[in-house]
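This report describes selected parts of one structure, going from domains to a sheet, a helix pair and a chain contact. Please look at the sequence and the structure before reading on.

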Amino acid sequence: MSRILSRWLTVYAFLYIVFLYLPVIFLPIFSVNTSAVPQFPLAGFTSKWYVELPKTPALLDAAWNSLIVGLCAAVLSTILGICAARAVTRYRFRGRTVASGLIMAPLVLPEIILAVSLLIVILSLGLQLSLFTVILGHVLICIPYSVTVLNAGFEGFDRSLEEASADLGETAFGTFRRVTLPMVAPAIISSLLVSFTISLDEFIIAFFLAGTEVTLPVYIWGQLRFAARLPGVLALGTLLLVGSFILLSFAEIMRRRAQRRIQMGGAIA
Amino acid sequence: MPDRPMIQIAGVSKAYGSFKALDDATLTIREGEFFSLLGPSGCGKTTLLRMIAGFDTPTEGTIAIDGQPMDGIPANRRPTNMVFQSYAIFPHLNVDQNVAYGLKRLKLGAAEERRRVDEALAQVSLSGLGKRGATELSGGQRQRVALARALVMRPKVLLLDEPLSALDKKLREQMQVELRRLQQAVGITFVLVTHDQYEALGMSDRIAVMFGGRIAQVAAPSQIYQRPVNRQVADFLGGMNFIRANVVETNGTAITVETAGFGRVKTEKPSGFNDETRETTLGIRPERLRVLWDDAKAKHEIAGTIVDRHYFGEITHFIVDVPGFEKTLSVSESNNFGADDLPVGAPVRLGYDPDALVALAD
């Protein structure tokens, strides 16, 4: 009985993975297809869609915008995340659970609701829609990820390491520079990479708050109206996919390294 | 200069809200002394150590180190260094870098720094392991690195917070000997916090026994063990037989009590004894009672019956019922005699030295 069940479980897991990743595999496949129509059988191999990408000024603008937004959102949400993670992991204070719950809330809020409410607030404040407003929106949705990654880095950080540093004559700033920062650096890098990736791939908030300066996902959305441009979009999408995958893998490596350090530091306590 | 005070703790208290972790502690630790703060967990010993180090601030009272009041002086400007219970080895640095951590700020120059690091590593028998990463060290090695890292700073006082508690028994015993040897070699004042009475007895010049935030007794190990001031101290330092006794008379520093088996005993009056008290406790350590074989005689003896026996290898514990005592006596007898010959139920005579009897405050 259980043997039959376990065989079906394997089949189920296989189908599940196919369902998840098959469409994603089509993206790079059609992006090197000679035909402009994404359908089988493939017409032939070409790299022309990729070659044409850098020749599109609007795309380059969008890529540049995405880069700026991604970098700003990553840095801001990591700085705010450091403050939050340190407070939550180090101090016991009233409303601690509520605070960490609220920080995590954007993770489960419908993004479109978030985007609309942000739009209303920004317009009623009299702000112009620009990359800056996109950055604000992205910081909001990146923080839960930053805090999650950083919490893991800060949690279990043996407090006596900082005390030992002070005991050996180091000042508070010196202790931060020579002990705290190197200890949590992998977690910080991981947080930067994760939030950059999320910002890079985010569509709804960027769509609502971008104004005339669009980011890459919004640009892609705009291109979808023109059937002839679809292969270019596929090529761009493939690049984004590969870029995100590399960034997130690196982030995960960093996160694990942070965890190892922390565990070793507190192992004997 | 012998007996020069190194740490003077005057009326120090530490309160967390209404809870007093440390209550009016007054204590002088001498220069070059191996001093232990001994007590069960929550007795305030670690709180006191952390206040000497500067990690916590006293609610009341002052601490002076080498004549300098430490009020308002943070940990990084105190002439103390600490070996942490968790060792707190910096995991992102190797052994050399860990040991040199505090030296970096002194700007000694590369050659002098190297020399001091090597010297410290040699002191703790870790020469040649300088390039080892912190993650590649065993528990015992981590402890040695923590020691070297503190000693290399040449502090006036080395503070040790339960440094041996994470080690296994054999390594712990070996480290006790080594710590004692190290302390005598460097001549620095050591202050050790421990809950292990054998550790404190074996290494210290003097011990402060603490209970519930208060210092109960400060004395040399043999004094603490043989002449504890009260039942709590006596009990914490190892097994002791307690016998209810009537107070016959008190006179200055002497007290005379009377019990069934031991009769009238004149002994030292425990400090802080209330002369109005009519009833108190007389104590004797199990190893100070000895079984009298065959027709061996002792100047002072009591008789009883063996009700139980426990074999421990080097010693045997006899539980002896003595007529007139509320509780049985525990007797520990070294096994180089024929302890096997005494079965449960056999009558037995016990010899003792009246000096071994101590009057205890309750």
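## Domains of chain B

The centres of domain 1 and domain 2 of chain B, taken over C-alpha atoms, are separated by 38 Å. The domain assignment places domain 1 of chain B at residues 5-226 and domain 2 at residues 239-360. The model is a predicted one, and the values in this report are computed from it.

## A sheet in chain B

Chain B contains an open sheet of six strands. Reading across the sheet, the order is E6-E7-E8-E3-E9-E10, and the pairing is mixed. Strand E6 (80-83) and strand E10 (214-219) of chain B are the edge strands, since each of them pairs on one side only. From one strand to the next, the twist averages 20°.

One pair within this order is made by strand E3 (residues 34-38) and strand E8 (residues 189-194) of chain B, which run in the parallel sense and are joined over five bridges. In this pair, B:Leu37 of chain B has B:Val193 in E8(B) opposite to it. Helix H4 (residues 139-151) of chain B packs on the sheet, where it touches E6 and strand E7 (157-161) of chain B. The direction of H4 makes about 175° with that of E6(B).

## Two helices in chain A

Two packed helices are described by the angle between their axes and the distance between the axes. In chain A, the axes of helix H7 (residues 159-167) and helix H8 (residues 172-201) come within 10 Å and cross at roughly 140°. H7(A) is therefore oblique to H8(A). The crossing in which H7(A) passes H8(A) is right-handed.

Which residues in H7(A) meet residues in H8(A)? From H7(A) they are A:Leu161, A:Glu162, A:Ser165 and A:Ala166, and from H8(A) they are A:Thr175, A:Arg178, A:Val179 and A:Thr180. By class, the residues of this contact of H7(A) with H8(A) are three nonpolar, three polar and two charged.

## Contact between the chains

How many residues does the contact take from chain A and from chain B? There are 20 residues from chain A and 23 residues from chain B. On the side of chain A that touches chain B, H7, H8 and helix H11 (230-266) of chain A each supply at least two residues. H7(A) gives the largest share of that side, six residues.

The side of chain A that touches chain B can also be divided by class: 10 residues are nonpolar, five are polar and five are charged.

Key:
Residues are numbered from 1 along each chain as its sequence is written. Chains are lettered from A and ligands numbered from 1 in the order in which they are written. This is a predicted model: local features need pLDDT of at least 70, side-chain atom pairs count only at pLDDT 80 or more; totals for chains, interfaces and linings use all residues. Two strands pair if DSSP finds at least two bridges between them. Helices (H or I, at least four residues) and strands (E, at least two) are DSSP runs, numbered from the N terminus. Axes are lines fitted to C-alpha atoms, for helices over the stretch in contact, and angles run from 0 to 180 degrees between N-to-C directions. Two residues are in contact if their C-beta atoms, placed from the backbone, lie within 7 Å. Angles under 35 degrees count as roughly parallel, over 145 as roughly antiparallel, 65 to 115 as roughly perpendicular and the rest as oblique. A crossing is left-handed if the near helix is turned anticlockwise from the far one by less than a right angle, and right-handed if clockwise. Ala, Val, Leu, Ile, Met, Phe, Trp, Tyr, Cys and Pro count as nonpolar, Asp, Glu, Lys and Arg as charged, and the others, Gly among them, as polar. Domain bounds come from an automatic or database domain assignment.
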